[in-house]
Amino acid sequence: MTILTLANQKGGVGKTTTAVTLAHGLALAGQHTLLVDLDPQGHVAFALGMEKAPGFYRLVVEEEPVPSVAVSCRENLDVVPGDKKTEKAKRTIVISNFPTETIGRVLKDAPYDVIVLDMAPSLDVLHISALMASDWVLIPTKLDAMAVDGVNEALRSMGEVAERGHRLGYSILPTFFDRTTRETVVQLKALVETFSGHVWPPIPQDTHAREAPAYGKSLWEYCPRSPAVIGYGGGREGGYISTMRRVMEVLSGQRP
Amino acid sequence: MVSVLDRKQVVDPAVAEMLQDLEKKNRIAKLPKPEQNKARKDAARHKVGLDLPPSLHDVLHRIAEKEKISLSGLVTFYLYRGVVNHDANCEELSPYKRFSRCPRFEYVLDFTELEKPK
């Protein structure tokens with residue numbers, strides 16, 4: 001079992017869209033996948049056309065096992081939904097023994113090939129606990145100064161986790177990529193200069209990605225030929241297809 | 001076998017290619033308006049400038065005139081043939097490689113042998 005986490009303390013950078021797209025993509029690729037919503041906004045369920053529910057709360061506070069909490073939503077894809085009760089679960093974790101190990105403990109024996117954790121845009125015990133449980137972190141970021149600063153913060157948290165003896169692999173996924181604006185290009189160059197091979201091909205800005213959740217569909221269902229999925233075309237890499245290819249390499253151990 | 005002098009690709013190749021494209025577009029955008037269209041067309045045609053030894057240029061020019069084809073077409077033809085040969089025999093460049101002093105490239109190609117009349 002591999003645990004992938006989507007993290008960036010900056011909000012609105014495409015964490016949930018990426019989590020939903022990758023989780024469903026992995027499921028379509030035959031991986032038995034669990035998507036866990038750690039955000040009290042509960043938008044994972046919304047994006048997949050389900051009701052928000054206190055799944056994470058039941059998992060952590062009521063200590064129910066994963067199979068009784070997870071909701072099957074597509075072939076090969078189960079979801080632990082979230083809602084505002086996730087906030088209460090967080091308070092329970094804070095006062096528990098070994099709070100940073102909670103997520104690893106509750107997911108330990110979950111019968112899945114891959115677990116995708118969609119984090120809230122915050123920097124708290126849930127964040128550290130999720131990182132402690134993870135094998136790989138994907139950091140989506142918009143290409144603006146504040147979001148890129150969020151990347152630095154996410155990496156600082158990972159440094160904190162590394163000090164506790166847990167080293168994590170990571171990649172940075174530029175999202176909302178608009179090749180026509182100078183600031184986008186400047187920030188992409190800065191990211192590549194700083195993080196070189198950790199930067200993956202960007203996801204183009206695409207209205208379809210905003211529309212899909214309104215219909216409760218993943219991008220693979222709603223618009224599989226859109227720029228967000230296939231990139232700008234012309235033989236160039238980019239979009240979630242490229243991201244999926246790299247995630248599969250991570251899962252198969254081809255990416256260190 | 002990988003040589004110890006092979007430069008490692010650190011940046012994701014797709015990202016590097018995208019940055020190159022963006023930089024090219026940026027360069028074109030900075031040109032005066034009348035030159036932008038020409039530069040865009042050249043970029044789309046993958047027009048490149050080559051440093052050819054004058055003797056080779058003369059020979060190519062002569063062949064192109066004799067065959068009644070464009071110099072560009074002739075060079076493209078020979079490049080295709082060279083690429084096919086290279087795919088079949090990756091070591092064919094080795095006898096001509098010399099270490100470069102330029103920081104951008106590790107080797108330069110030395111054409112002295114090829115320039116000698118046969």
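**Starting in a loop**

Modeller: Let's begin with B:K68, which sits in the loop between α3 and α4 of chain B. Helices here (H or I, at least four residues) and strands (E, at least two) are DSSP runs, numbered from the N terminus. Before we go on: this is a predicted model, where local features need pLDDT of at least 70, side-chain atom pairs count only at pLDDT 80 or more, and totals for chains, interfaces and linings use all residues. Residues are numbered from 1 along each chain as its sequence is written, while chains are lettered from A and ligands numbered from 1 in the order in which they are written.

Colleague: Okay. What is the phi of B:K68?

Modeller: B:K68 has a positive phi, about 60°, although it is not a glycine.

Colleague: Is B:K68 buried or exposed?

Modeller: B:K68 counts as exposed, because it has 6 C-beta neighbours inside 10 Å. The cut-offs go like this: a residue is buried if 20 or more other C-beta atoms lie within 10 Å of its own, exposed if 12 or fewer, and partly exposed in between, with C-beta atoms placed from the backbone.

Colleague: And at what angle do α3(B) and α4(B) pack?

Modeller: Helix α3 (residues 54–67) and helix α4 (residues 71–88) of chain B pack at about 110°, and their axes are 9 Å apart. Axes are lines fitted to C-alpha atoms, for helices over the stretch in contact, and angles run from 0 to 180 degrees between N-to-C directions. That makes α3(B) and α4(B) roughly perpendicular to each other, a label that covers 65 to 115 degrees; under 35 is roughly parallel, over 145 roughly antiparallel, and the rest oblique.

Colleague: Which residues meet there?

Modeller: From α3(B) you have B:L60, B:H61, B:I63 and B:A64, which meet B:L71, B:L74 and B:V75 in α4(B). By class that contact has six nonpolar residues, one polar and no charged. Contact means that the C-beta atoms, placed from the backbone, lie within 7 Å. As for the classes, Ala, Val, Leu, Ile, Met, Phe, Trp, Tyr, Cys and Pro are nonpolar, Asp, Glu, Lys and Arg are charged, and the others, Gly among them, are polar.

Colleague: What does chain B look like overall?

Modeller: Chain B has five helices and two strands, in the order α-α-α-α-β-β-α along the sequence. Of its 118 residues, 3% count as buried. Among contacts in chain B between residues at least 6 apart in sequence, 15% join residues at least 24 apart.

Colleague: Where do the domains of chain B fall?

Modeller: Domain 1 is 10–47 and domain 2 is 49–118, with bounds that come from an automatic or database domain assignment. The C-alpha centres of those two domains of chain B lie 25 Å apart.

Colleague: How many residues of chain A are in contact with chain B?

Modeller: 14 residues of chain A are in contact with 10 residues of chain B. Helix α9 (residues 182–195) of chain A gives the most to the chain A side, with four residues. That side of chain A has six nonpolar, four polar and four charged residues.

Colleague: Switching to chain A, why is α7(A) called largely enclosed?

Modeller: Helix α7 (residues 125–133) of chain A has eight of its nine residues buried, so the rest of the structure largely encloses it. A:H127 and A:S129 are among the buried ones. The cover over them includes β1 (2–6), α5 (85–95) and β6 (136–142) of chain A.

Colleague: How about α1(A)?

Modeller: Helix α1(A) is also largely enclosed by the rest of the structure, since 13 of its 14 residues are buried. Just after α1(A), A:G30 takes a positive phi of about 95°.

Colleague: What does A:A47 touch?

Modeller: Leaving out residues up to four places away in sequence, A:A47 touches A:T16, A:V20 and A:P213. A:A47 belongs to helix α2 (residues 43–47) of chain A, and counts as buried because 26 other C-beta atoms lie within 10 Å.

Colleague: Last one: where is A:E63?

Modeller: A:E63 is in the loop between α3 (55–60) and α4 (66–69) of chain A. A:E63 is not a glycine, but has a positive phi of about 55°. With 9 other C-beta atoms within 10 Å, A:E63 is exposed.

Technical notes. Two residues are in contact if their C-beta atoms, placed from the backbone, lie within 7 Å.
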